[in-house]
Amino acid sequence: MSPLQTPHATRVLEDDLLARTPSRLYVDGRWREASDGMILQVEDPATGTTLATVANASVQDARDAMDAASRAQSSWAKTPARTRADLLLAAHQTVLARAEEFALLISLEMGKPLDQARGEVTYGADFLRWYAEEAVRISGRWSDSPDGRSRLITMKQPVGPTFMITPWNFPLAMGTRKLGPALAAGCTAIVKPAPQTPLTMLALAAVLEEVGVPRGVVNVLPTDRAENVAGVVIGDPRLRKLSFTGSTRVGQQLVRDSADGLLRLSMELGGNAPFLVFADADLDRAVEGAMIAKMRNMGQACTAANRFLVHHDVASDFGSMLAERMTAERMGRGTDPDVTVGPLVDERARIKVGELVREATSRGARLTTGGHAVAGPGYFFAPTVVQGVPADARILSEEIFGPVAPIVEFGDDDQAIALANGTPYGLVAYAYTADVDRVVRVSEDLEFGMVGVNQGIVSTAAAPFGGVKQSGFGREGGPEGIEEYLALKYVGLAV
Ligand code: NAD
């Protein structure tokens with residue numbers, strides 16, 4: 001649907017929400033313009049028009065945020081865990097009470113269909129609840145030294161002020177996955193959301209302020225001057241931790257930049273997920289899972305299935321069933337209730353997806369459906385299936401980040417595992433099979449941080465999300481997630 005066709009009532013609702021959403025920086029409990037007055041524009045990827053203008057943080061704003069986070073650290077660390085937990089719970093309830101508004105905001109600035117945005121709100125809010133529950137269970141240990149002359153006490157304390165850099169693809173959840181455990185552990189935070197999607201994080205900051213999170217504990221700096229702003233924060237000796245979600249290339253640079261400060265690091269980086277379909281798989285279930293693993297966020301997820309590795313006995317059936325489902329998808333602006341596929345984030349992303357498809361087809365891959373950009377406003381790309389993709393095609397080694405499913409055939413389990421592991425990335429793998437022995441073997445042999453067996457989604461606040469190899473290190477979610485924000489101290493006590 002073009003913007004002209006968007007119903008008037010919907011436009012009024014959107015305009016009202018955008019007018020109420022904060023558009024300034026949040027530093028030391030105050031909303032303010034950038035110190036040098038710069039702004040950045042937030043675009044609607046479905047139309048290419050400007051949705052809002054937002055203050056664009058400068059290096060001076062970064063210094064101020066660092067001062068605030070540092071000042072607030074000690075009293076936040078000493079705030080009783082139950083109080084920190086109650087604030088997180090209140091934030092969880094407030095986000096859910098405004099779920100429709102958050103979903104609309106996410107859909108507007110990021111482009112995903114409203115239903116998926118609602119899913120992100122539930123998922124994202126869940127990290128606030130989960131870590132409210134974990135905050136009061138941070139514990140240590142008491143033991144005797146072997147010679148009996150002292151007591152060995154271990155305790156866990158907040159790491160200290162944390163810098164969080166988040167991507168545009170899940171504007172709420174990528175923030176709460178970090179803020180939930182950090183606040184629960186007693187760390188203060190500076191959040192730098194992606195410049196494409198700052199509105200959702202600003203709306204979350206307003207919720208945190210409203211429920212009573214003390215000033216300076218959370219600071220939010222939207223900026224398109226990421227390198228300079230990050231340089232100031234990372235170079236500040238008071239910073240103790242950096243948590244980054246984004247591309248492997250930027251992650252590697254940030255690891256290098258953090259070396260002097262010897263920062264604690266969490267790196268949630270890129271992926272190249274294999275989706276294995278064995279000959280004994282229930283094909284209907286596999287196609288259902290494939291649609292989720294591929295089409296969530298229009299393929300713009302680090303967990304997106306990037307390579308479909310299918311046993312050659314079922315590859316043709318799987319390919320045509322998947323193509324049928326892909327063809328039935330409805331493309332349009334995410335805020336239209338019937339839409340199942342929104343636009344890509346920008347033109348650069350769309351050009352890259354088109355190039356990867358062209359390179360594969362020019363080398364013999366066959367298009368079963370889609371394969372082209374969609375004319376008109378916005379950055380739409382048709383849902384696509386390509387079969388018979390040559391093993392060395394770029395589309396199999398690079399993150400596609402678009403609604404394109406390349407299918408590669410395999411002959412036996414060893415070949416499937418070798419193909420799946422044949423990537424520098426190691427975030428998530430999916431496998432469909434009915435054989436329990438194979439489930440065990442495959443789960444153990446896949447070199448990935450997460451494996452989805454007979455399911456196309458693994459993300460939940462209750463499980464440790466994270467990768468190995470070039471997909472990074474550190475875990476978000478589960479009881480493990482809070483450890484990223486805790487430092488271990490040992491006290492030896494003579495008796
Ligand atoms: P990106 O690396 O370009 O940007 C991520 C964030 O880093 C943004 O906020 C950006 O402004 C900031 N940034 C960019 N250059 C920087 C610099 N020099 N210094 C400091 N900050 C800088 O990634 P993206 O395009 O926004 O996101 C897509 C990528 O994120 C994909 O590779 C995807 O796989 C990955 N991702 C990973 C996970 C995960 O949990 N593993 C989750 C979502 C996305």
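**Close-up views of charged side chains in a predicted model**

**View 1. A salt bridge between R238 and D67.** The side chains of R238 and D67 meet at 2.8 Å, N to O. R238 sits in the loop between helix 8 (226–234) and strand 10 (241–245), and D67 belongs to helix 2 (residues 59–78), so the pair ties together parts 171 residues apart in sequence. R238 is partly exposed, with a relative accessible area of 34%. D67 is also partly exposed, at 29%.

View 2. D126 and R129 pair through their side chains in a salt bridge (2.8 Å, N to O). They lie 3 residues apart in helix 5 (residues 114–135), a separation of about one helical turn. D126 counts as partly exposed at 23% relative accessibility, as does R129 at 36%.

**View 3. A network of salt bridges.** Salt bridges link R11, E14, D44 and R333 in a network. The structure holds 34 salt bridges.

**View 4. A patch of negative charge on the surface.** The patch gathers D412, D414, E444 and D445. D412 lies in the loop between strand 16 (404–410) and helix 14 (413–421). With a relative accessible area of 43%, D412 is partly exposed.

Technical notes:
Residues numbered from 1 in each chain as written. Predicted model: local features only at pLDDT ≥ 70, side-chain atom pairs only at ≥ 80, totals over all residues. Heavy atoms only, no water. Patch = residues over 30% accessible without salt bridge, like charges linked within 9 Å, V, L, I, M, F, W, Y side chains within 5 Å. Areas by Shrake-Rupley, 256 points an atom, 1.4 Å probe, with all protein chains shown as cover. Salt bridge = Lys/Arg side-chain N within 4 Å of Asp/Glu carboxyl O. Lys, Arg positive; Asp, Glu negative; His and termini not counted. Charge placed at Lys NZ, Arg CZ, Asp CG, Glu CD. Helix = DSSP H or I, 4+ residues; strand = E, 2+ residues; numbered from the N terminus. Buried < 20%, exposed > 50% of the residue type's maximum accessible area, 1.4 Å probe, protein only.
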